[in-house]
Amino acid sequence: MSDSGSGTDVPVELLFLGGGRMGGALIGGLLGQGHPVESIAVVERETDRRAELTSTFPGLRVESTPVPARTVVVCTKPGDVLAALGEAATVGLERVVSIAAGVSTAAIEAVVGSVPVVRAMPNTPALLGEAATAVAAGSQAGPADLERAEALLAGVGTVVRVDESAMDAVTAVSGSGPAYVYLLAEHLAAAGEALGLPDELADALVRQTILGAARMLVETGDAAASLRAAVTSPGGTTAAAVAAFEDAEFDVMVRRAVEAAARRSAELGAEFGGDAAAGPMPDGR
Ligand SMILES: NC(=O)c1ccc[n+]([C@@H]2O[C@H](COP(=O)([O-])OP(=O)(O)OC[C@H]3O[C@@H](n4cnc5c(N)ncnc54)[C@H](OP(=O)(O)O)[C@@H]3O)[C@@H](O)[C@H]2O)c1
């Protein structure tokens with residue numbers, strides 16, 4: 001570990017700007033995959049967080065200001081991205097991967113010049129290594145840059161490629177998506193309680209039901225509609241519930257919610273030096 005300026009002039013392979021929740025999750029993911037700790041450094045401006053990073057990741061180079069780097073991975077809040085990158089660009093960088101929501105590759109390119117920039121949108125299950133991440137190439141990024149970014153983000157979950165113009169839709173589906181599942185969890189547990197189940201028991205049943213259903217979706221690879229049909233006998237209990245969902249136009253409700261998130265993403269993106277292609281975090285970060 002080093003702190004403030006003890007680095008050499010040899011560029012470090014990966015420099016994280018911001019060692020907060022997502023930066024920490026990505027570093028943990030890479031190290032967990034066997035990535036050598038000597039090839040990673042992190043710049044974190046919070047003193048306490050620097051100490052935390054040092055004790056969580058023994059051997060990690062922890063800095064308070066940028067050092068020369070080949071790939072800079074931007075994990076600050078969107079409002080800090082351009083200033084942090086401006087500083088890192090002065091010290092030296094060869095390419096950028098940004099996970100900051102809502103900051104377009106064009107805005108980043110305007111600060112770092114003509115280096116390859118890849119923008120990514122992970123989601124919070126990254127903290128458990130279960131993110132759904134989309135990556136998009138900026139104007140200077142080629143297939144090799146996308147592959148590098150994918151390898152980096154594969155440490156915290158699965159990765160898909162999209163055009164940057166799809167980032168609002170990605171934000172609305174997978175960025176905000178975990179919250180939709182939590183909302184269903186809340187209502188399902190409350191409905192169980194209304195039928196007389198003790199709170200804790202309803203909560204435990206809901207958590208395991210969502211985990212089990214998610215594993216069925218992922219591990220069988222069957223379509224959601226087929227899995228649903230398989231547990232919906234005509235005239236049975238599930239059929240009664242599905243009919244009630246259909247009466248309430250559940251499909252319309254979900255479509256409207258996702259469209260609202262995408263619209264909000266486009267609006268908020270403009271705040272962070274973005275454009276119509278930019279999208280923020282569900283909570284505006
Ligand atoms: N959380 C998610 O699920 C998620 C999903 C997709 C994308 N993202 C994106 O990931 C980014 C990080 O989110 P997070 O939840 O990890 O935030 P976070 O926990 O607040 O981490 C950001 C860290 O970067 C530090 N920082 C800010 N400016 C800096 C600079 N110039 N140099 C070095 N360090 C600096 C911050 O320090 P201070 O505390 O002093 O500000 C903070 O410790 C955001 O842009 C967000 O849009 C997050």
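Modeller: Strands here are DSSP runs of E with at least two residues, helices are runs of H or I with at least four, and both are numbered from the N terminus. Two strands pair if DSSP finds at least two bridges between them. In this case β5 (residues 95–98) and β6 (residues 117–121) run parallel and are joined by 3 bridges. Please note that this is a predicted model, in which local features need pLDDT of at least 70 and side-chain atom pairs count only at pLDDT 80 or more, whereas totals for chains, interfaces and linings use all residues. Residues are numbered from 1 along each chain as its sequence is written.

Biologist: In which sense do β6 and β7 pair?

Modeller: β6 and β7 are antiparallel, with 4 bridges between them; Arg 119, for example, has Ala 136 in β7 as its bridge partner. From β7 to β8 the strands run parallel, joined by 5 bridges, and Thr 133 is the bridge partner of Val 159 in β8.

Biologist: What is the order of the strands in the sheet?

Modeller: The open sheet has 8 strands in the order β3-β2-β1-β4-β5-β6-β7-β8, with mixed pairing. β3 (61–63) and β8 (157–161) are the edge strands, each pairing on one side only. Direction ignored, neighbouring strands of this sheet are turned by 25 degrees against each other on average.

Biologist: Why is β7 described as largely enclosed?

Modeller: Burial is a count: a residue is buried if 20 or more other C-beta atoms, placed from the backbone, lie within 10 Å of its own, exposed if 12 or fewer, and partly exposed in between. Strand β7 (residues 131–137) is largely enclosed by the rest of the structure because 6 of its 7 residues are buried. In the protein, buried residues make up 36% of the 285 residues.

Biologist: Which strands does α1 lie across?

Modeller: Axes are lines fitted to C-alpha atoms, for helices over the stretch in contact, and angles run from 0 to 180 degrees between N-to-C directions. α1 lies across β1 (12–17), β2 (40–43) and β4 (69–74), and runs at about 170 degrees to β2.

Biologist: How many residues surround the ligand?

Modeller: A residue is near a molecule if its C-beta atom, placed from the backbone, lies within 6 Å of it. The ligand is surrounded by 27 residues, the closest being Gly 18, Gly 20, Met 22, Ala 84 and Ala 100. Two or more residues of this shell come from each of α1 (21–32) and α3 (78–91); α3 gives the most, with 4 residues.

Biologist: What lies beyond these local features?

Modeller: The protein has 11 helices and 8 strands, and its C-alpha trace spans about 70 × 40 × 30 Å along its principal axes.

Note on methods:
Contact = placed C-beta atoms within 7 Å.
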